[in-house]
Amino acid sequence: MSTTSDLDFAHSGTDVVIVGGGLAGLFCALKLAPRPVTVITAAPLGEGASTAWAQGGIAAAVAEGDSAESHAADTIAVGAGLVDENVALQLAREAGPRIRDLLEYGVPFDRDLEGRLAVSREAAHSARRIVHVRGDMAGQAIITALIKAVRATPSIKVIEGYFAEALLTDGGSVVGLQLRQAGVAISRPITMPARAVVLATGGIGHLYAVTTNPVEASGLGLAIAARAGALIADPEFVQFHPTAIMVGRDPAPLATEALRGEGATLINGQGERFMLALHPLAELAPRDIVARGVFAEIAAGRGAFLDARTALGAHFAAEFPTVYESCISEGVDPATQPIPIAPAAHYHMGGIAVDMHGRSSLRGLWAAGEVSCTGAHGANRLASNSLLEAVVYAARIAEDIGGREFGAASGRIDELPMARNAALGAAQEAELRQLMSGNVGVIRNADGLAAAVRRFAAMEAGASSTAMLNMATTALLVSTAAWSRLESRGAHYRSDHPAENPALADRTMTTLADARDTAASLSDTARRSRPVVA
Ligand SMILES: Cc1cc2nc3c(=O)[nH]c(=O)nc-3n(C[C@H](O)[C@H](O)[C@H](O)COP(=O)(O)OP(=O)(O)OC[C@H]3O[C@@H](n4cnc5c(N)ncnc54)[C@H](O)[C@@H]3O)c2cc1C
């Protein structure tokens, strides 16, 4: 690996550029070796990637008695009618080979006494099939091993501390990127020609006021693909984790579901167990139902808390040291006090629409990992399927690109006319995040969504920085699709359309032009219905 500090991006020497240093990006780069590639990451390798924070592990039907068919069936059941069944089956079938690749790259997956891969069970999986590392350390172990492998691979050039803010196109093909230095208030955009661009920029959690995702998960990859004209699939489907710990940290630390498995209860500020009235399984109901229960208590002003005082009490610190540390460091002792919680944006099922090879609708553009939408998750993601999808599609993209000869990347690219100041207006960012959490979050309705759509359209049209422009673009795509889906399905819940509508069991396929049209018609409607004051 070589790292560049000069600004000679126009002559990076490679025709393949991968944007993102999480699992999808690094795995793709390694799979392409020895073909030269350039990896661009907004944050230094190992930072700013959700991959490093994954706790559970990777779903893979590798245990005796388990099968890819059973794994696919579980994926399809959770996806609420929108999973592409063939995609789910192929994903499950390729899990074994990709786990072997990860072992070769040095990931120390846990093994049982006979030396076989140890597998654990997670919600909605019908078998034990989660490969993991030292309990809850999978993400950290994976990223550490891959960074080491990348640093030992001379064909991979890594440029850290630059983010992609636009795709450059020529006649509908992607021909390069516009980059900018991260963390600098005012900086010049830099253009980089490329023949093949792989976006592996992760999710959109940071667009929400409460999230488990790093700040880099602000939907930039999705936005730049959409602005270049790429087809976007299922953007309205965002998974919320029901129990993020609200101790003033951003991103919010997680209180693992295992706490509820151990008997911890959910109570409101009046000490009432509100889940008892909502589902026969109470606190152990499916994740989206618990998230809605928690959201409703907070919206009603009663607050929501995870109460482990009776279930764990003095054993809390020994049994859940990570959660204990998150609480105690902010002055909450979970052995004696209820933990304040809220639902947090956790995973984006939607993304850049890609085919079985990871190709987007634009020539020259591929996408892998959370920024993409393969059809594997439908309206809701099965636990631990996201890391699997990242490696399976990263490998397919490497295979698809690997054999191609593109010729030299063109240097004749004009800079896009963009605002020079890359700094975000903190107030506008906070407003966007509050609006996403309040109106495009766990419980949605037509009025709230319409208001959000109109505001995001205005923010997009009047953005004073490229970062704000990109955040508003992704927020607009998510909110317009949520406004258009007049039903509740999977992670998308509309209080004004609380039932699933079998006639709407189709995936959303949209573009930024569609989203802008929806926003324009909503603005017209609002104007027409405004009372005329004489
Ligand atoms: C707390 C937590 C726990 C999780 N646990 C699990 C689990 O147990 N199992 C599971 O399967 N999934 C889990 N997930 C989800 C999973 O971690 C992610 O979906 C997955 O890691 C995404 O990988 P990725 O490579 O697509 O993106 P990331 O790992 O997020 O990497 C994205 C990369 O892109 C960079 N980037 C972003 N924008 C730009 C830009 N514009 N220009 C340049 N670089 C950019 C970032 O800096 C980063 O390097 C969890 C997620 C969280 C937040």
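With which side chain does the side chain of Thr 374 make a polar contact? The partner is the side chain of Glu 389, at 2.6 Å. The legends below begin with this pair.

This is a predicted model, in which local features need pLDDT of at least 70, side-chain atom pairs count only at pLDDT 80 or more, and totals for chains, interfaces and linings use all residues. Residues are numbered from 1 along each chain as its sequence is written, and side-chain values use heavy atoms, with hydrogens and water left out.

View 1. Thr 374 is found in the loop between strand S19 (372–373) and helix H11 (385–402). Helices (H or I, at least four residues) and strands (E, at least two) are DSSP runs, numbered from the N terminus. Thr 374 is buried, with a relative accessible area of 4%. Buried means under 20% relative accessible area, exposed over 50%, and partly exposed in between, with a 1.4 Å probe and protein chains only. Besides its polar contact with Glu 389, the side chain of Thr 374 reaches the backbone nitrogen of Ala 376 at 3.1 Å. A polar contact is a pair of N or O atoms within 3.5 Å; within protein, one must be able to donate a hydrogen and the other to accept it, and residues adjacent in sequence count only if both atoms are side-chain atoms. Leaving aside neighbours within four places in sequence, Thr 374 is in contact (heavy atoms within 4.5 Å) with Val 87, Val 354, Glu 389, Tyr 393 and Arg 507.

**View 2. His 377 in the loop between S19 and H11.** His 377 is buried, and its relative accessible area is 3%. The side chains of His 377 and Glu 389 are joined by a polar contact of 3.0 Å. Apart from neighbours within four places in sequence, the residues in contact with His 377 are Gly 79, Val 83, Tyr 347, Met 349, Asn 385, Ser 386 and Glu 389. Leu 476 is 99 residues from His 377 along the chain, and their C-alpha atoms are separated by 21 Å.

View 3. A nitrogen atom of the ligand is 3.1 Å from a polar backbone atom of Ala 42, and an oxygen atom of the ligand is 3.2 Å from a polar backbone atom of Gly 48. At Thr 51, an N or O atom in the side chain is 2.5 Å from an oxygen atom of the ligand. The protein buries 96% of the 1,000 Å² that the ligand exposes when taken alone; accessible areas come from the Shrake-Rupley method with a 1.4 Å probe, and for residues only the protein chains shown count as cover.

View 4. Nine of the ten residues of H1 are buried, among them Leu 23, Phe 27 and Leu 32. Pro 34 has its place in the loop between H1 and S3. Most peptide bonds are trans.

**View 5. Ala 282, a residue other than glycine with a positive phi.** Its phi is near 50 degrees. Ala 282 is in the loop between strand S14 (265–268) and helix H8 (287–299), and is buried, with a relative accessible area of 6%.

**View 6. Glu 500 and Arg 489, whose side chains are joined by a polar contact of 3.4 Å.** Glu 500 is found in the loop between helix H14 (466–484) and strand S20 (509–510). Glu 500 is partly exposed, with a relative accessible area of 46%. Leaving aside neighbours within four places in sequence, Glu 500 is in contact with Ala 80, Glu 487, Ser 488 and Arg 489.
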